[in-house]
Amino acid sequence: MDDSQPEGEAEQGAHGARRAQLVDAAVDHVAAHGIANLSLRRLGAAIGVSHRMLIHYFGSKEQLLVEIVRTSERRQREVLSRLRLEPGLSPADVSRLLWRQLTDPRLAGQERLFFEICGHALRGRPEAVPVLEGLVTDWLEPLVAAEVGAGADPALARNRARLGLATVRGLLLDLLATGDRAGVDAAMEEFLRLYYGSG
């Protein structure tokens, strides 16, 4: 019996698991320390691997940064899903709590990285382009579900979800560009008032 295929699959699974562990560690490091002067050597030393191993698993620094962005986005969607399950929270309350999470000053490095990598992708840099896959669509499913769960017309839920996502990202960019936390928070409150009514 030829069992080379299962061994190959097991090897591939181990490779994927180790890659995921490294991405998680990298995201934690970026969240704690930002991206200033981030090199593969420094990052590898911080998370306990050589820069050569990072290249082995990710191919290049930019490909690793893309994975950091994707993982950060996934974690934020998981936060949204958990908040939606909290009893007694209105949709506006969930939105406020998620907004506080996204604008935590400790996550500013992740947010800067998000916009930086998106800029590279939009300019067509091949290693960054994959970040555009799912950039909007991965968020629409949970956001549409939240809208429908809150009583929105299913036919309008997708449009509302897209509007909400675009507004949050725009205000995050505003915060990074201006540092005007009070102004951005006030704008978010006004958006929630318009979006949810009384909120």
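User: How many helices and how many strands does the chain have?
Analyst: This is a predicted model. Along the sequence the elements follow the pattern α-α-α-α-α-α-α-α-α. The count is therefore nine helices and zero strands.

User: What box do the C-alpha atoms of the chain fill, and what percentage of the residues is buried?
Analyst: Taken along the principal axes, the box is roughly 60 × 45 × 35 Å. The chain has 199 residues, and the buried share of them is 40%.

User: Which residues touch the most other members of the largest nonpolar core?
Analyst: This core has 26 residues. Helices α1 (4-33), α2 (40-47), α3 (51-58), α4 (61-85) and α6 (108-122) each supply at least two of its residues. Apart from it lies another core of 23 residues, with Leu-83, Leu-102, Met-188 and Tyr-195 among them. In the largest core, the residues asked for are Leu-22, Leu-43, Leu-54, Phe-58, Leu-64, Ile-68 and Ile-117.

User: Which residues does Leu-54 touch, not counting residues up to four places away in sequence?
Analyst: Leu-54 is one of the residues that touch the most other members of the largest nonpolar core. With residues up to four places away in sequence not counted, Leu-54 touches Leu-22, Leu-40, Leu-43, Gly-44, Ile-47, Val-49, Gly-59 and Leu-64.

User: Is α2 roughly parallel or roughly perpendicular to α3?
Analyst: Residues Leu-40, Arg-41, Leu-43, Gly-44 and Ile-47 in α2 meet His-51, Leu-54 and Ile-55 in α3. The two axes come within 8 Å and cross at roughly 100 degrees. Angles of 65 to 115 degrees count as roughly perpendicular, so α2 is to α3 roughly perpendicular.

User: What kind of pair do the rings of Phe-114 and Phe-115 form?
Analyst: A search of the whole structure finds three aromatic pairs. For Phe-114 and Phe-115, the ring centres are 5.0 Å apart and the planes stand at 85 degrees. Planes over 60 degrees apart count as edge-to-face, so this pair is edge-to-face.

User: Which residues do ring pairs link into a cluster?
Analyst: The rings of Tyr-195 and Tyr-196 have centres 4.8 Å apart and planes at 85 degrees, so they form an edge-to-face pair. Tyr-195 is buried at 10% relative accessibility, whereas Tyr-196 is partly exposed at 26%. The cluster linked by ring pairs consists of Phe-191, Tyr-195 and Tyr-196.

User: How many Å from the ring centre of Tyr-195 does Arg-160 lie?
Analyst: Tyr-195 also belongs to the core of 23 residues. Arg-160 lies over the face of the Tyr-195 ring, and the distance to the ring centre is 4.0 Å.

User: Over which ring does the charged end of Arg-77 sit?
Analyst: Arg-77 lies in helix α4 and, at 16% relative accessibility, counts as buried. Not counting residues up to four places away in sequence, Arg-77 touches Asp-138, Trp-139 and Pro-142. The C-alpha atoms of Arg-77 and Trp-139 are separated by 7.0 Å, although the two are 62 residues apart along the chain. The charged end sits 5.7 Å from the ring centre, over the ring of Trp-139.

Definitions and conventions: Residues are numbered from 1 along each chain as its sequence is written. This is a predicted model: local features need pLDDT of at least 70, side-chain atom pairs count only at pLDDT 80 or more; totals for chains, interfaces and linings use all residues. Side-chain values use heavy atoms; hydrogens and water are left out. A nonpolar core is a set of buried Ala, Val, Leu, Ile, Met, Phe, Trp, Tyr and Cys residues joined through side-chain atoms within 4.5 Å. Buried means under 20% relative accessible area, exposed over 50%, partly exposed in between (1.4 Å probe, protein chains only). Helices (H or I, at least four residues) and strands (E, at least two) are DSSP runs, numbered from the N terminus. Contact means heavy atoms within 4.5 Å. Rings of Phe, Tyr and Trp (its six-membered ring) pair if their centres lie within 6.5 Å; planes under 30 degrees apart count as stacked, over 60 as edge-to-face and the rest as tilted. A charge sits over a ring if NZ of Lys or CZ of Arg is within 6 Å of the ring centre and within 35 degrees of the ring normal. Axes are lines fitted to C-alpha atoms, for helices over the stretch in contact, and angles run from 0 to 180 degrees between N-to-C directions. Angles under 35 degrees count as roughly parallel, over 145 as roughly antiparallel, 65 to 115 as roughly perpendicular and the rest as oblique.
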